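Subject: Structure for your review

Dear colleague,

Please find below the structure that I am handing over to you. My notes on what was found in it follow.

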Amino acid sequence: MSEKYLLEVKNLTKRFPIKGGLWGKEVGSVKAVNDISFKIKKGETLGLVGESGCGKTTLGRSILRLIEPTSGEVLYRGEDILKYNEKKMRDMRRKMQIIFQDPFASLNPRMTVGGILEEPMHVHKLFNSSAERTKRLHQLLDYVQLPKDALNKYPHEFSGGQRQRVCIARALAVEPEFIVCDEPVSALDVSVQAQVVNLLMDLQKELKLTYLFIAHDLKVVEYISDRVAVMYLGNMVEVAESHELYGDSMHPYTKALFSAIPHPDPNGKQERILLEGDIPSPMNPPKGCHFHPRCWKAVDDCKMSYPPVYDKTSSHQYRCFNPMN
Ligand SMILES: Nc1ncnc2c1ncn2[C@@H]1O[C@H](COP(=O)(O)OP(=O)(O)OP(=O)(O)O)[C@@H](O)[C@H]1O
Ligand SMILES: [Mg+2]
């Protein structure tokens, strides 16, 4: 594998078994992530979008093995980390971190910020003296632009935006290379969302970080991402450079999703595509392309089999038998 790609995900699948009946037998499964493959270059941000329940969080957590994938490969610098034993995986966790949507729920309310930031450094033995520890703690606060007196305060003493800064500092404490940002600004006031997004972008440049950035807000995703992947009901239906997805999307689902956000259009017209019908259950997805019951461009093939991956360009892939362009 070339060093160009930090992460290569191959045919990743996660099914959650559903137990039922008197004997707790498996009666079915939720196919949360289906045969997904993609690559992320070092220093790149790959955005991940799709409606609620389409499998974004499951994909992010499966890559980090916070939940165990059912099958597939996750190559990190060319090595399949799904084959790592516990000890090797523990060391690996330093390189791969996650930032959650709700900064309050992910911080221990009984620990000071100093304690919260020190814990991961302690686990990975990242300091040898108390002077070194203090220096490192101050550096972390500098990174996220919090004052030094934050160390002695508790999570409830901060605003939502500041708490998310603490979470970012905690993720940075172990000097990671790759961070899954799972809706890191969705729970914040709109006025502070941009500040946190800009902070993440500045940190990326400074520390050469690689992001998988999950979000509902397409504008935010477009702004922060180099490329964007679109998921629908457990499948990745399209991935392209972020500026291409709005104007040159190939998949009707992407087209519909992005038609909902206002864009300055040189011709002054913008067609909003309203999708009919609900998202089907991931327990029992439709045969063929999962999107076909809601798709206005569906042809017979779409009802029969799931479309393969087509290349529009080397950086733009889609899975559709009857694409937009
Ligand atoms: N532990 C679990 N057990 C069973 N099913 C689960 C579990 N976790 C997630 N699911 C199901 O897997 C599917 C994907 O969920 P996931 O949370 O990954 O979606 P998401 O795209 O992150 O949604 P949101 O935008 O709301 O965060 C959903 O149908 C969900 O109900
Ligand atoms: Mg989620």
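The shell around ligand 1 consists of F16, V30, A32, G50, S52, G53, C54, G55, K56, T57, T58 and P282, where a residue counts as near a molecule if its C-beta atom, placed from the backbone, lies within 6 Å of it. The model is a predicted one, in which local features need pLDDT of at least 70 and side-chain atom pairs count only at pLDDT 80 or more, while totals for chains, interfaces and linings use all residues. Residues are numbered from 1 along each chain as its sequence is written, and chains are lettered from A and ligands numbered from 1 in the order in which they are written.

At least two residues of this shell come from each of β2 (25-41) and α1 (56-63); helices (H or I, at least four residues) and strands (E, at least two) are DSSP runs, numbered from the N terminus. The most is given by α1, with 3 residues. By class, the shell has 5 nonpolar, 6 polar and 1 charged residues; Ala, Val, Leu, Ile, Met, Phe, Trp, Tyr, Cys and Pro count as nonpolar, Asp, Glu, Lys and Arg as charged, and the others, Gly among them, as polar.

Turning to the sheet, 8 strands form an open arrangement with mixed pairing, in the order β6-β7-β8-β3-β9-β10-β12-β11 (two strands pair if DSSP finds at least two bridges between them). Because β6 (96-99) and β11 (310-313) stand at the edges with a single partner strand each, one side of each is left without a neighbour in the sheet. Direction ignored, neighbouring strands are turned by 20 degrees against each other on average; axes are lines fitted to C-alpha atoms, for helices over the stretch in contact, and angles run from 0 to 180 degrees between N-to-C directions. Helix α9 (residues 252-259) packs on this sheet, where α9 touches β3 (45-49), β9 (227-232) and β10 (235-241), and its direction makes about 105 degrees with that of β9. Contact requires C-beta atoms, placed from the backbone, within 7 Å.

I99 has C181 in β7 as its bridge partner. Leaving aside residues up to four places away in sequence, I179 touches Q97, I98, I99, A171, L209 and Y211.

Finally, just after α3 (residues 113-123), K125 takes a positive phi of about 50 degrees.

Yours sincerely

Terms used:
Contact = placed C-beta atoms within 7 Å. Buried ≥ 20, exposed ≤ 12 C-beta atoms within 10 Å, placed from the backbone.
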